[in-house]
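Please examine the structure below together with its sequence.

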Amino acid sequence: MSYEERLQHVSVLGAAGKMGSGILLLTAVEMADISLKPENKGKPFVLNAIDVSDEALSGVMKYLKAQVLKMAEKKVVGLRKVYAGNPNLIDNGDIIDQYIFDVLSLVRPSTRIEAAYDSHMVFEAIKEDPALKSSIFSKILANNPHQPWFFTNTSSIPISKLDADAGLGGRIIGFHFYNPPAVQRLVEIIKADHTLPEVEAFAQQYAKSLRKVVVPSHDKAGFIGNGHFMRDILHATGEVEKLGKEFSFAEAVYAMNKISQDYLVRPMGIFQLIDYVGVDVCSFIMSVMNPYLPGEDLHSPLLGRLLAMGVKGGQYSDGSQKDGILKYEKGRPVAIFDPEQKSYVSISDFQAKVDEKLGAMPSPPAWKAVVGNKAKDELLRGYFGQVKVASGLGAELTRTYANRSCAIGEQLVSSGVAFNENDVNTVLLTGFFHAYGPVNNYLS
Amino acid sequence: MVAGYNTLSMGTGRKEFNPKKERPGLEEYIREAGQGTLKMIGGAKHVDECVIGNFMASRFNRQANLAAFFPYVDEGLRYKPAIRVEGACATGGLALMSGIKSVLAETAEVVLVIGFEVQNTVKAIYCADYLAGAGWFKNRKTGHAYFFPGQFSDRAGAYFEKYGRDKTRQALARWFRNAIENARLCPTAQEYHNTVKDLDALGLTEPNGKSFIDNLNVFDCSKVSDGASAIAIVSEEGLKRCGIPLSEAIEVVGWGQIEEDITKPPIDPTELSTTREAVKEALASAGITRDQIGTAEIHDCFTIAGLMCMEAIGFAEKGKGADFILEGHTARSGRVPINTTGGLIGWGHPTGGTGVHQAVTILEQLTGKAGDAQVKIPADRPYGLTVNMGGDDKSLVSIVYKRGS
């Protein structure tokens with residue numbers, strides 16, 4: 001079965017979720033582009049969007065329509081050629097409308113898993129629950145005569161475990177998109193011990209068609225992305241606890257969020273990133289990864305405490321940020337949750353005081369000005385050169401943070417998760433939009 | 001002509017522009033420009049007739065019957081004769097011609113002319129659809145997504161092939177730089193806020209046919225603009241009525257107004273032959289030679305159109321337009337300062353308003369009222385020239401002016 005034939009009948013599980021809807025979008029567009037080739041005229045293409053709620057699925061169709069519109073507007077130069085043979089489509093507007101219709105008409109929303117029983121391929125982006133995933137895979141396998149392939153978007157569960165538990169015989173691969181899949185260029189591809197070579201070949205071709213940057217990762221829980229992110233979280237929460245002698249909880253969170261964003265020249269502070277992903281999701285990922293990491297306790301009591309108080313973060317269906325550890329106005333943090341008072345404390349109440357305690361810092365370049373800047377290495381080297389010799393609490397916290405991030409990167413290579421340091425850097429650069437890779441010598 | 005008024009040319013580049021926020025509609029632009037001119041001529045009571053030029057409000061704004069906006073500009077225009085004129089991007093020039101002919105026919109002593117377009121109602125990709133109406137609709141299907149940029153990219157490609165690419169691209173980049181530098185001197189210009197340091201490098205950005213067109217980059221193209229311009233066309237009698245001295249007016253001394261077959265491809269893609277004929281006629285009817293022109297406002301909807309226009313006027317020989325530009329002759333300090341407030345690329349291109357805007361700029365320059373953008377008009381070359389082009393060298397209006405005396 002060729003690449004194009006396999007893409008004639010596909011299902012996405014968890015299609016209404018944040019990751020699933022993005023995977024659905026990219027797959028729908030890829031399938032539509034194939035279906036519009038002259039040689040595929042008349043062949044049916046079916047993409048099942050499977051999720052548990054009708055309500056969520058109706059939201060997904062709206063999301064798809066809005067996204068395909070944007071994509072069509074961008075590629076209308078090429079689309080005019082695709083539709084050159086249709087004399088009724090004249091204006092760009094006509095062509096864009098037709099393309100949206102052609103993409104959307106492949107998609108069949110459904111709340112029934114049975115829809116996947118005819119698919120040659122199944123993308124899975126459901127809850128990070130190994131037992132749930134395995135049981136659904138084996139159910140589909142038992143009822144589907146086509147021996148389908150499974151592409152799991154898990155960010156933490158070893159693929160070999162899913163393969164063995166569901167009895168897939170190597171017809172599975174880890175294909176880990178970053179959030180949001182339509183925007184982030186990175187995918188981590190994770191082969192299980194017995195992944196079939198043709199499954200891997202397909203995964204590479206699919207990633208190439210989607211113009212993704214591929215980083216291979218060994219099949220170790222959390223892979224590279226979460227391997228770094230979760231440990232980065234634990235460093236930040238550890239520092240917050242240490243700062244507890246001098247700072248209130250909210251003040252310490254503010255300080256570490258500022259260090260990790262402004263002083264480390266990252267697009268987002270670590271606590272904002274936790275909120276973005278969801279406190280619950282981060283905590284859950286740690287619990288999934290932890291059993292596979294002997295000798296290391298990947299577990300944050302702090303996140304657990306916050307969750308118990310209902311602090312969750314995550315996003316609304318329109319993509320705007322819900323309040324979590326931080327409270328947001330127009331997407332910007334304005335207050336921080338105080339577990340003792342069980343309410344938010346305005347950042348402006350303590351900002352000046354904390355900034356003063358952090359002390360004078362060399363002024364960092366803005367992340368926006370660095371990312372994509374051709375001379376960024378020079379810029380960063382200059383800035384971190386000053387950080388290296390600066391005194392004061394802020395400088396010290398910055399150095400410790402950067403060194404820890406670097407050590408985590410090196411650990412990912414030495415513990416056999418990443419193939420090399422370069423792959424770790426690529427993941428942070430493309431999957432997390434960092435301006436530089438964590439494994440560097442800016443401070444040494 | 002007297003009492004020229006320009007609104008801002010609004011669109012990307014202006015700090016005030018935010019595509020996500022609601023903006024003034026066409027009625028606001030029409031009213032601002034119309035009232036601006038009325039104020040200078042002593043009010044609506046002095047006006048005998050009105051002309052409004054607009055290209056495609058029927059699609060951009062879903063509005064027609066535009067002449068009926070004059071009483072909205074000023075109640076004093078109620079029950080006065082008015083007409084709407086359309087000729088794609090030459091609309092403004094045609095609106096002027098309509099007014100000029102009324103004055104010559106002595107049916108009016110004072111004609112109020114407004115030209116406008118409000119285009120930012122849609123994204124550029126749909127804007128391209130609407131503006132494609134300036135070409136033959138039967139060619140739209142096979143045309144480029146960005147239809148007119150595609151047409152002029154093809155012209156540029158032919159020109160590159162015939163006369164060499166490198167020098168031509170350098171000249172186009174210089175044209176862009178001149179346009180932006182001039183626009184920085186005119187507060188109503190769309191590129192007035194432009195602060196880019198290395199304009200040459202930007203102008204030399206390599207074209208990308210995959211996402212746009214093969215032979216031109218976005219900086220080679222005029223802007224998507226909202227804007228309106230107004231001016232009064234008056235007889236000597238009308239001038240007295242408005243109480244304006246002759247020295248504050250410019251005289252229309254000649255014109256060429258011609259059409260070419262919209263269904264035919266260009267005779268030679270490396271030249272603007274209709275433009276050449278229109279300018280020839282304008283100069284002949286004015287009884288002057290091109291060497292007597294002190295400044296010109298020409299239709300640089302694309303940098304390559306600007307270059308070819310230099311050859312069509314005869315400022316440069318065929319194939320020597322690039323040298324003419326690179327030697328600095330079109331710059332504000334050069335022999336013939338061209339597009340002294342930025343032209344279509346720098347000031348903006350609210351399509352139906354452009355022809356009127358050109359007349360306003362010439363009025364300001366010849367009467368010494370161009371502010372920071374003022375250039376010196378030599379005594380032995382007192383004439384101003386405009387070239388306003390509709391479609392791909394199809395509808396042409398070229399006018400020769402000199403200061404009233």
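The C-alpha centres of domain 1 and domain 2 of chain A lie 32 Å apart; the domain bounds come from an automatic or database domain assignment. This is a predicted model, in which local features need pLDDT of at least 70 and side-chain atom pairs count only at pLDDT 80 or more, while totals for chains, interfaces and linings use all residues. Residues are numbered from 1 along each chain as its sequence is written, and chains are lettered from A and ligands numbered from 1 in the order in which they are written.

**The two domains of chain A**

- Domain 1 of chain A covers residues 3-217, and domain 2 of chain A covers 225-431.
- To their contact, domain 1 of chain A and domain 2 of chain A contribute 17 residues each; two residues are in contact if their C-beta atoms, placed from the backbone, lie within 7 Å.
- On the side of domain 1 of chain A that touches domain 2 of chain A, strand 7 (186-191) and strand 8 (213-217) of chain A each supply at least two residues.
- Strand 8 of chain A gives the most to this side, with 4 residues.
- Helices (H or I, at least four residues) and strands (E, at least two) are DSSP runs, numbered from the N terminus.
- The residues of this side of domain 1 of chain A comprise 7 nonpolar, 6 polar and 4 charged.
- Ala, Val, Leu, Ile, Met, Phe, Trp, Tyr, Cys and Pro count as nonpolar, Asp, Glu, Lys and Arg as charged, and the others, Gly among them, as polar.

**Chain B as a whole**

- Chain B has 14 helices and 9 strands.
- Along its principal axes, the C-alpha trace of chain B spans about 55 × 50 × 40 Å.
- Of the 405 residues of chain B, 60% count as buried, meaning that 20 or more other C-beta atoms, placed from the backbone, lie within 10 Å of the residue's own.
- Among contacts in chain B between residues at least 6 apart in sequence, 78% join residues at least 24 apart.

**Helix 4 of chain B**

- Helix 4 of chain B (residues 91-104) has 14 residues and should span 20 Å at 1.5 Å a residue, which agrees with the 20 Å between its end C-alpha atoms; the expected span is 1.5 Å times one less than the number of residues.
- Because 10 of its 14 residues are buried, helix 4 of chain B is largely enclosed by the rest of the structure.
- The buried residues of helix 4 of chain B include L94(B), L96(B), M97(B) and V103(B).
- E106(B), whose phi is positive, near 60°, follows helix 4 of chain B.

Definitions and conventions: Buried ≥ 20, exposed ≤ 12 C-beta atoms within 10 Å, placed from the backbone.
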